[in-house]
Structures are given as structure tokens and as C-alpha cells.
Amino acid sequence: MFQISIPRIQRFALILGAVGTVLAAVLWGVPEAAAFLTGAALSLLTIESWSRIAAALNPEAQTKPSAAASGVFLAVRYLIIAAAIYVTIKVLGVTPVAMLLGLLTAFAAVLIEIAQQVSKK
């Protein structure tokens with residue numbers, strides 16, 4: 001059985017976000033780096049919202065967040081992401097590629113965590 005760690009995934013996502021932001025600044029410039037950083041921040045928000053849903057569904061958890069509130073936040077985050085993409089593209093005048101790459105940091109962090117767990121077996 002895998003022992004997936006949300007704090008470790010969050011740490012990986014933070015590291016990937018920081019490294020990606022620096023790389024974006026060097027390769028594409030500051031506006032694209034800001035777009036990447038915004039995407040990475042929203043990606044961290046996604047990790048948090050999914051971990052709250054999982055905690056609310058865990059019957060053995062000692063403290064549970066409200067499942068309804070977590071579900072509403074999970075749905076509302078798509079509106080937040082859409083608004084952030086729109087504002088970032090309009091205000092910074094960048095293409096959405098940098099932000100979309102930033103949004104993938106949570107996915108990459110989960111893949112790193114899974115790869116570590118598989119390599120321990």
C-alpha cells in the first residue's frame with residue numbers, strides 16, 4: 001500500500017513552482033514568470049482543496065472539515081482559476097502557456113510522489 005503524503009506533495013509543488021518561476025523569468029521574461037507563478041499558486045490551492053475533500057470523506061479522521069464547504073470551494077476554484085487566467089492574460093499581456101504550465105505543478109508533484117513510492121517497493 002502506498003503512503004501518499006500531502007505535505008510532501010505540497011513541498012514538491014512549492015519547489016517546482018519556485019524553480020519554474022525562475023526558469024520562466026530567465027527564458028521568457030518577468031510577465032511570463034508572474035503568469036507561471038500565478039498558475040503554480042492556483043495549483044497549490046487545488047492540492048489543498050482536494051486534500052480537504054479527502055479528509056472530509058475519511059471516516060477515521062479526528063477532525064473533519066465540512067464536506068459541503070469543501071465541495072463548494074472545489075467547484076468555486078474553477079471560477080477562480082478562470083478569472084485568474086483572464087486577468088493575467090489581459091493585464092500582463094502574456095500568452096496562457098506560462099500559466100498553464102504553472103497549473104501543472106500539482107500534477108508533476110503528485111507524479112514525483114508516486115515515483116518515490118514506487119521506487120521504495
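Helix 1 and helix 5 (residues 105-120) pack with their axes 8 Å apart and at an angle of about 125 degrees, where axes are lines fitted to C-alpha atoms, for helices over the stretch in contact, and angles run from 0 to 180 degrees between N-to-C directions. Helix 1 is therefore oblique to helix 5, given that angles under 35 degrees count as roughly parallel, over 145 as roughly antiparallel, 65 to 115 as roughly perpendicular and the rest as oblique. The model is a predicted one, in which local features need pLDDT of at least 70 and side-chain atom pairs count only at pLDDT 80 or more, whereas totals for chains, interfaces and linings use all residues. Residues are numbered from 1 along each chain as its sequence is written, and side-chain values use heavy atoms, with hydrogens and water left out.

The chain contains five helices and zero strands, these being DSSP runs numbered from the N terminus (helices: H or I, at least four residues; strands: E, at least two). In sequence order the pattern is α-α-α-α-α. Along the principal axes, the C-alpha atoms fill a box of roughly 45 × 35 × 15 Å. Of the 121 residues, 32% count as buried, a class defined by a relative accessible area under 20%, with exposed meaning over 50% and partly exposed in between (1.4 Å probe, protein chains only). Among contacts (heavy atoms within 4.5 Å) between residues at least 6 apart in sequence, 72% join residues at least 24 apart.

The contact of helix 1 with helix 5 brings Arg 8, Ile 9, Phe 12, Ala 13, Leu 16 and Gly 17 of helix 1 against Thr 105, Ala 108, Ala 109, Val 110, Ile 112, Glu 113, Gln 116 and Gln 117 of helix 5. By class, these residues divide into eight nonpolar, four polar and two charged, where Ala, Val, Leu, Ile, Met, Phe, Trp, Tyr, Cys and Pro count as nonpolar, Asp, Glu, Lys and Arg as charged, and the others, Gly among them, as polar.

Helix 1 (residues 6-27) also packs on helix 2, their axes coming within 8 Å and crossing at roughly 170 degrees. The two helices are therefore roughly antiparallel to each other. From helix 1, Ile 6, Ile 9, Gln 10, Ala 13, Leu 14, Leu 16, Gly 17, Gly 20, Thr 21, Ala 24 and Ala 25 meet Val 30, Glu 32, Ala 33, Phe 36, Leu 37, Ala 40, Leu 44, Ile 47, Glu 48 and Ser 51 from helix 2. This contact has 14 nonpolar, five polar and two charged residues.

Thr 21, placed in helix 1, is buried with a relative accessible area of 16%, and, residues up to four places away in sequence not being counted, Thr 21 touches Ala 33, Phe 36 and Leu 37. Val 22, by contrast, lies in helix 1 but is exposed, with a relative accessible area of 53%. Ile 6 of helix 1 is partly exposed at 33%; leaving aside neighbours within four places in sequence, Ile 6 is in contact with Ile 47 and Ser 51. The C-alpha atoms of Ile 6 and Ala 34, 28 residues apart along the chain, are separated by 25 Å.

The largest nonpolar core comprises eight residues, namely Ala 35, Leu 42, Ile 81, Ala 84, Val 94, Ala 98, Met 99 and Leu 103, a nonpolar core being a set of buried Ala, Val, Leu, Ile, Met, Phe, Trp, Tyr and Cys residues joined through side-chain atoms within 4.5 Å. Two or more residues of this core come from each of helix 2 (30-57), helix 3 (67-92) and helix 4 (97-103), and helix 4 gives the most, with three residues. A second, separate core of six residues includes Ile 9, Phe 12, Ile 47 and Ala 109.

Leu 103 is in contact with Gly 39, Ala 40, Leu 42, Ser 43, Ile 81 and Ile 85, neighbours within four places in sequence being left aside. Ser 43, located in helix 2, counts as buried at 1% relative accessibility and touches Gly 102, Leu 103, Thr 105 and Ala 106, not counting residues up to four places away in sequence. In helix 3, Ala 68 is exposed, with a relative accessible area of 54%, and the C-alpha atoms of Ala 68 and Ala 56, 12 residues apart along the chain, are separated by 9.1 Å.
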